[in-house]
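I opened this entry to keep track of what I looked up. The chain comes first, then my notes.

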Amino acid sequence: MSNLIKTLLKSIPGHQRVVINNVKPEIECGAFPIKRCIGEQVTVTANIFADGHDQLSARLLFRHESESTWQEQPFQPLGNDLWQASFSVEKIGNYVYTLSAFVDEFLTWQYNLKKKLDADQQTPLDFLSGRELITRAAQHAEKTDQKHLLTYANTLDQASAAIAFDPELSRLVARYARPAFITRYAHELKISVDRALANFGAWYELFPRSCSPTPHQHGTLNDVIKRLAYIKALGFDVIYFPPIHPIGDNKRKGKNNNLNATTTDPGSPWAIGDETGGHREIHPLLGNREDFRKLIKAIHEHGMELALDFALQCSPDHPYLKEHPQWFKQRVDGSLQYAENPPKKYEDIYPLYFQSEAWAELWIECRDILLFWINAGVKIFRVDNPHTKPFIFWQWLIAEIKTLHPDVIFLAEAFTRPTLMYHLAKLGFSQSYTYFTWRNTKEELIAYFTELTTYPVVDFFRGNFWPNTPDILHATLQTGGRAAFITRFILAATLGTNYGIYGPAFELCINEAVKPGSEEYLDSEKYEIKAWDLNHPASIKHIISKVNHIRHAHPALQNMRSLQFHAIDNPKIICYSKYCAASNDLIVVIVNLDNEFIQSGWVDLSYEITEKLPHTFVVHDLLVDATYQWSNKRNYVELNPDKMPAHVLHIPSPFEKGGLGGI
């Protein structure tokens, strides 16, 4: 044997004829996992083909990280070399999946025999070949199946050619055939599986210090407990606190971000730490650890969860500055570098310096802060400005935490360039803030949500949509009045599956900015204690409660992938639908984007929907409990922003008898 032949035999898989490529979903050749929640399906497609006319079989292989044995699901051909298979993820944690394919001798034999029979060109040799393939499979079969296979083999001949295509024979041969040469996809791809709350939940942000029943008195954690029934009645799933730690005195900010604080100014909660402690401590005026334990228990009893802010920054009084000065960056004059994002300055905050020579110790400390609060009962963290810390740090930290506590959820608060936001999501953040706040026109909304619900973004990026935050009061809310708050809320809650509001400022429609052109609230709660009148007549709390009830009652609104926009002949009105195949639930939402004037138009639902509907049918507006008779052609709508700027329509039976197939 020549050296060249020996080299070829060692280096080239000469028997490998099958090609597997264009695998979806796959993020950067498997460098990052796709995301799913427990119970969701993973549908994999790929181009699978070989030379010649032989027939192929392909398998989707998958397993949970805790399992050593692969499960298999056969791929089905969709035509033109495109194949598809699906499976459900049933455990939290990480799954692995890959693909295998081979030239299927038995399918090829059936394929060729069928053509010969149609042309009346079959010969005894064709049936001998089939009997040999069946007998070969029987050698690996269990006793009962082996008996059935041998019966097929002994019976197969030209006179009984029909049994060659018996589905039971095909099933048995497929189960026990042992192909000699199998092509395995080059990558083992990962799935990060979260619990259901990562995919569907409504967040309510509040400052605990503003929960006192006595106006302008510092609230406590016990005061928050008394507020829980109100928040639960609004229908929220997650209560989110800004930092609850001690606040520094040095360079404390006053009202409206004033550099000169008075003795009564409470300071910004993000200026973490004083002489009493830092990131593991609770502000003394809020309470103690026992109060926190009671709060966690009460929140859980109300069927909600608490999210805490994870802000890696310190006030000038934080103990870290004395204990670990190497964790902070010094400027050329010897002073420490405070946080800034020109023209914004945050003189009361020093960011941690991740390029420190002591970076490893800093990483461990950050991990241990999270573990401390996890052990205290917190499983959700809103991470402040993650894009200003090293990406590799987040990849390590999230993996460390999820290895120990796979049910922890991380929300990335990163309003930055899309590539950075997407990369953070790939690194492991369960959810991400979005640009929804700045997407207000019909064209902007359709373009943005199409991007978020299209491969590959839909497979790694879970948006959390906020119409306002303590930092962001968009011009639409400043000028649009009560209608704008209702409109933006309905859009956030129905376009997305995760959304949040900063309340009570939102439900009370607080819309005054600190100055023209600014997105900062006047008299911002970030710098002072507020006294909120939760029963003010301007409140839209009843609408918030109604929409959250609808979200929980209708599975269609609990997924992003089925979002579909529909034509309506008015640029001021947007129409879209969501569908849940498992419950056959269809919701159509129509929103007037004009906060001042009545708008009307004709809706054209997609053919995918109308083909399943009778000529006329009844739709139920869940917002106002009204019904309308529609046709499966065009339908007229008219929305008054002074009354209700939106329809949330449920299309019930007879639609429910037919289903929508693949929507």
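Which residue stands opposite Tyr499 in β22? I found Phe465 there. This is a predicted model, in which local features need pLDDT of at least 70 and side-chain atom pairs count only at pLDDT 80 or more, while totals for chains, interfaces and linings use all residues. Residues are numbered from 1 along each chain as its sequence is written, and side-chain values use heavy atoms, with hydrogens and water left out.

**Strand β22**

I looked up the partners of β22 next. Strands here are DSSP runs (E, at least two residues), helices are H or I runs of at least four, and both are numbered from the N terminus. Two strands pair if DSSP finds at least two bridges between them. Strand β21 (residues 463-465) runs parallel to β22, with two bridges. Strand β11 (residues 201-205) also runs parallel to β22, joined by five bridges. From β11, Ala202 stands opposite Tyr499.

Then I checked burial (under 20% relative accessible area is buried, over 50% exposed, in between partly exposed; 1.4 Å probe, protein chains only). Five of the five residues of β22 (residues 498-502) are buried, so the strand is largely enclosed by the rest of the structure. Asn498, Gly500 and Tyr502 point one way, Tyr499 and Ile501 the other.

**Cores**

I searched for nonpolar cores, meaning sets of buried Ala, Val, Leu, Ile, Met, Phe, Trp, Tyr and Cys residues joined through side-chain atoms within 4.5 Å. The largest has 163 residues; Phe241, Phe292, Phe310, Phe381 and Ile490 touch the most other members. Helix α13 (residues 475-495) gives this core its largest share, 10 residues. Another core, of 19 residues, lies apart from it and includes Ile134 and Ala164.

I listed contacts (heavy atoms within 4.5 Å) for Phe241. Beyond its neighbours within four places in sequence, Phe241 touches residues including Leu206, Pro208, Leu295 and Asp309.

**Cysteines**

I searched the whole structure for disulfides (cysteine sulfur atoms within 2.5 Å) and found zero. Cys366 counts as buried, at 1% relative accessibility. For Cys509 the closest cysteine sulfur is in Cys211, 19 Å away, again too far. Cys509 counts as buried at 13%.

**Whole chain**

The chain has 16 helices and 30 strands. Of its 663 residues, 54% are buried. Its C-alpha atoms fill a box of roughly 100 × 70 × 40 Å along the principal axes.
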